[in-house]
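Please read them beside the sequence.

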Amino acid sequence: VTYSHQVEGVAVDLQALLMDALTGTAPALSSSVGPLRQALVVLGAQNQHLSASTPERLNRVQALLNGIKNKPDATVATENRIALVSALGDMGRILDDETEQRGLILDELRADTQAELNLALITLTAILLLVGWFLYKRILSPLNDFKQLLARLADGDFRPISTSHLDPLLEPVFHSYNDMVVRLAELEEDKRHHAHSLQAEVHAATHALLEQHRSLARAERLAAVGEMAAELAHELRNPLAG
């Protein structure tokens, strides 16, 4: 872009020089052409042109400017004007070519930028999908499995689970779960044995109470029979005595 602006600046100066030559207001044409020649040398030395034809045209413009003579002759003045017009035409074509090439490069840059943006969006989408898959596979899915395991515990299912398919990061958690369910199964078995023992003790105590109740009832009946027998004997003795 800077190179194109420099070319444009030389073209504007050359156009101003041609206008001065046409109107006859240029004080000394050779002294005015000197800075333009120097500017053309600088442009050629920079080697930053975008069009392949720019160096050749710059050399032609420089040759035309080198052929300008500062003589008060009508023929020389006409030749100078023709040379300036030709040089201005070449500078215009240089500027047009450089502008066209700059536009093409900007279009390529815009296309490359859009491609990079699309690639960045695709990469970001892929990363988000990968992160989502990682979260589901490593966190959400194991948490869901753990939720189901807790539901199994609530239903009294104390079976351990296999840890061969688990991620190494999650193995300690599920190993702890297996240890927990084994301990819970042992406690449940102890509770069952304790309940059976209590049932047996209650059954034995109940049986003993029933036996004791039967013995008491038998003793009460015997005592009642004894009392009745005593009363009967007493009644039998009283009539005899009378």
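1. Surface patches here are made of residues with over 30% relative accessible area and no salt bridge, where like charges are joined within 9 Å and nonpolar side chains (Val, Leu, Ile, Met, Phe, Trp, Tyr) within 5 Å. Accessible areas come from the Shrake-Rupley method with a 1.4 Å probe, and for residues only the protein chains shown count as cover. A salt bridge is a side-chain nitrogen of Lys or Arg within 4 Å of a carboxyl oxygen of Asp or Glu.

2. The model is predicted: local features need pLDDT of at least 70 and side-chain atom pairs count only at pLDDT 80 or more, while totals for chains, interfaces and linings use all residues. Residues are numbered from 1 along each chain as its sequence is written, and side-chain values use heavy atoms, with hydrogens and water left out.

3. Which residues make the nonpolar surface patch? I127, L130, V131, W133, F134, L135, Y136, I139, L140 and L143 do, and the patch covers about 980 Å². L143 is in helix α4, residues 74-154; helices are DSSP runs (H or I, at least four residues; strands are E, at least two), numbered from the N terminus. L143 counts as exposed because its relative accessible area is 52%, the classes being buried under 20%, exposed over 50% and partly exposed in between (1.4 Å probe, protein chains only).

4. Y136, one of the patch residues, is also where α4 bends by about 40°. The bend at a residue is the angle between axes fitted to the seven residues ending there and the seven starting there.

5. How far apart are the end C-alpha atoms of α4? They are 115 Å apart, which agrees with the 120 Å that its 81 residues should span at 1.5 Å a residue. The expected span is 1.5 Å times one less than the number of residues. After α4 comes G156, with a positive phi near 85°.

6. I105 also has its place in helix α4, and is partly exposed because its relative accessible area is 40%.

7. Side chains of opposite charge can pair when their charged atoms come close. By the salt-bridge rule the count comes to eight. One of them joins R93 to D90, with the closest N and O atoms 2.5 Å apart. Both residues lie in helix α4, three residues apart, about one turn of the helix. Is D90 buried or exposed? D90 is buried, at 4% relative accessible area, while R93 is partly exposed at 40%. R60, D90 and R93 are linked in a network of salt bridges.

8. Helix α5 (residues 171-241) holds E186 and R183, which are separated by about one helical turn because they are three residues apart. Their side chains meet in a salt bridge of 3.3 Å, N to O. E186 is partly exposed at 40% relative accessibility, as is R183 at 47%.

9. K191 and E188 are likewise three residues apart in helix α5, so about one helical turn separates them. Their salt bridge is 3.4 Å, N to O. K191 is exposed at 52% relative accessible area, whereas E188 is partly exposed at 24%.

10. S51 is found in the loop between α2 (29-46) and α3 (54-66). With a relative accessible area of 8%, S51 is buried. The side chain of S51 makes a polar contact with the side chain of S53 at 3.1 Å. A polar contact is a pair of N or O atoms within 3.5 Å; within protein, one must be able to donate a hydrogen and the other to accept it, and residues adjacent in sequence count only if both atoms are side-chain atoms.
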